[in-house]
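Q: Could you walk me through how to read a few features of a protein model? I would like the general idea, then the case at hand.

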Amino acid sequence: MGFQDLMPQEIELVLDKERVIRIGFSAGDEQFLVPVFYVFFDGALCGLTTPGRKTRLAETNPAVSFQVDSTFVTGPWEWASVSGQGTFARVVEPSEFARFAGKLQLKLGDAPDWAALMLQDRFAQLGLYAWRIEMTSVSGRAHGPD
């Protein structure tokens, strides 16, 4: 197999299966790359975070880049990767982000108690910021044995 481009349905499979996305933010002369939990929902990348550097940069410049890798089971020699660009937006209406928050909660259902408590405390202390990335371009590649 070596390297191969992913077909659209294979890209969606990677995006649906994984739960950590790296998002690149840029505004002025400041860049920031950060991993966050996410869920692929209604064709968009969605998540919950706390306000901070990433949200400040996104509110200044909503154009972002992203990457999702699938290597957890196979290690560095057999992988799939999806990269792209999109528009980052805050989701303000609780009824709107509740639709994807439940799916995200299920995806993180294996979190140890200490991690779940840490996230709850962090949201209680800093606030909840729901977000969505509408993808403007996306591509994927894979690598593995023939």
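The dialogue below takes up the core, the aromatic rings and one backbone angle of this predicted model.

Q: Which residues have the most contacts inside the largest nonpolar core?
A: A nonpolar core is a set of buried residues joined through side-chain atoms. Here the largest one has 25 residues, and Ile-21, Ile-23, Leu-45, Phe-88 and Trp-131 make the most contacts inside it. At least two core residues come from each of α1 (8-17), β2 (20-27), β3 (30-37), α2 (53-60), β6 (63-70), β7 (79-90) and β8 (129-144). Another core lies apart from that one; it has 12 residues, including Leu-48, Val-91, Phe-97 and Ala-130.

Q: What does Ile-21 touch?
A: Leaving aside residues up to four places away in sequence, Ile-21 touches Val-34, Pro-35, Val-36, Tyr-38, Leu-45, Phe-66, Gln-67, Val-68 and Trp-131.

Q: Which residues form the aromatic cluster?
A: Rings count as a pair if their centres lie within 6.5 Å. The count comes to 5 aromatic pairs, and one cluster is formed by Phe-25, Phe-88, Tyr-129 and Trp-131.

Q: Where does Lys-107 lie?
A: Lys-107 lies over the face of Tyr-38, at 5.3 Å from the ring centre.

Q: What is the phi of Asp-42?
A: Most residues other than glycine have a negative phi. Asp-42, however, has a positive value, near 50 degrees. Asp-42 is in the loop between β4 (39-41) and β5 (44-49).

Q: Is Asp-42 buried or exposed?
A: Asp-42 counts as exposed because its relative accessibility is 59%, and the cut-off for exposed is over 50%.

Technical notes:
Residues are numbered from 1 along each chain as its sequence is written. This is a predicted model: local features need pLDDT of at least 70, side-chain atom pairs count only at pLDDT 80 or more; totals for chains, interfaces and linings use all residues. Side-chain values use heavy atoms; hydrogens and water are left out. Rings of Phe, Tyr and Trp (its six-membered ring) pair if their centres lie within 6.5 Å; planes under 30 degrees apart count as stacked, over 60 as edge-to-face and the rest as tilted. A charge sits over a ring if NZ of Lys or CZ of Arg is within 6 Å of the ring centre and within 35 degrees of the ring normal. A nonpolar core is a set of buried Ala, Val, Leu, Ile, Met, Phe, Trp, Tyr and Cys residues joined through side-chain atoms within 4.5 Å. Buried means under 20% relative accessible area, exposed over 50%, partly exposed in between (1.4 Å probe, protein chains only). Helices (H or I, at least four residues) and strands (E, at least two) are DSSP runs, numbered from the N terminus. Contact means heavy atoms within 4.5 Å.
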